[in-house]
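Biologist: Hi! Could you walk me through this one?
Modeller: Happy to, here it is.

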Amino acid sequence: MANVDISKHQWELSLSNFPMQCAGITTKGVRCKLRTTETYCKHHIYQGKPHQQPPQQKGLIYVFTLSHLLLEKPPKTNWLRINKGGYDIKQTSSYDVFNPRRCLLIKVGFTTQTIPTRLKQWSSKCRQDFKLLLPNTKHIVISRRDRLSDLFSGLSLEPVYHRYDPAEYGFVCSKNVISVESAIHKYLHSKYGKGNLYCQGCSNDVKIHTEWFLIPRKEMNNVFKDIDRICNELG
C-alpha cells in the first residue's frame, strides 16, 4: 500500500509521538513491531498482567472510509496525497495527489459499542467526515472498465455472508473480537501491502496511522467476503 498523507497543512513527521516499541510478544514468538506511547500496544496490553488472559469479548467488525471517496465522481483533493515509494516519507513535496477513481482508502475496526456511535467518535477525534462501507454501499466501483470486469468475472452476483448483519452495520463476532480484528489486518496487509496514513486533525500533534488500507475498488467484494470468512472462523 502507498504511504498516504491526509494533512490539510504542511508539517514535518515526528516519531516522538510514538517513542516506544511495544514490548509484547506476538503469536510467532517475536517482539511486536508497533510503536506506542505505553509499554504495550492495545493488542498486547494483557501481557503486562501475567494472570490475565487475552480478552474473549464479543463485538462487531466494521469498515469505513472518507465520505468524499464514495461520491459518484469523487474529486481529487490537495490534502489527500500518496507517496509512491522511493522517497523520504517526511518530505511532503514527494507526495502526489491521490486519485480516487479506481482505489479506496479503508479502515477496518472493532467495537463493543454500536457501530454508528463508534464512527461518530472517529469523526470527532480525527476531524474528518467518515462513512461506513457496507456490501450494498453505492459508488464503491465507479470505473466503467471495473464494472464490466465485475460483470464478466461473476463478481456482480450477490455473495452469501455468514456474519454480516445489516441491522448492526457490520460483522458480528460472538467472541475474540480483538483477535479477529488483528487477523483481518494481518491478512489485508499480506494481500494488499502496508502503508502509513498521516493525520494532523487528531490533535495538535501529527498522528501516524498504520491500519488503513489502499484497496482497488473492484476488490471490495472480496474484502467483505474475506472479513466475513475470518469472523466466521475465529469469532
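Modeller: A charge sits over a ring if NZ of Lys or CZ of Arg is within 6 Å of the ring centre and within 35 degrees of the ring normal. This is a predicted model, where local features need pLDDT of at least 70, side-chain atom pairs count only at pLDDT 80 or more, and totals for chains, interfaces and linings use all residues. Residues are numbered from 1 along each chain as its sequence is written, and side-chain values use heavy atoms, leaving out hydrogens and water.

Biologist: Which residue lies over the face of Y187?
Modeller: That is R229, at 5.1 Å from the ring centre.

Biologist: Now the rings: how many aromatic pairs are there?
Modeller: Nine. Rings of Phe, Tyr and Trp (its six-membered ring) pair if their centres lie within 6.5 Å; planes under 30 degrees apart count as stacked, over 60 as edge-to-face and the rest as tilted. Y62 and F64 are stacked, 5.9 Å centre to centre with 15° between the planes.

Biologist: And how do F64 and W122 sit?
Modeller: Tilted, with 6.0 Å between centres and 40° between the planes. F64 lies in strand β4 (residues 59–66) and W122 in helix α1 (residues 115–126), so the pair ties together parts 58 residues apart in sequence. Helices (H or I, at least four residues) and strands (E, at least two) are DSSP runs, numbered from the N terminus.

Biologist: Is F64 buried or exposed?
Modeller: Buried, with a relative accessible area of 0%. Buried means under 20%, exposed over 50%, partly exposed in between (1.4 Å probe, protein chains only).
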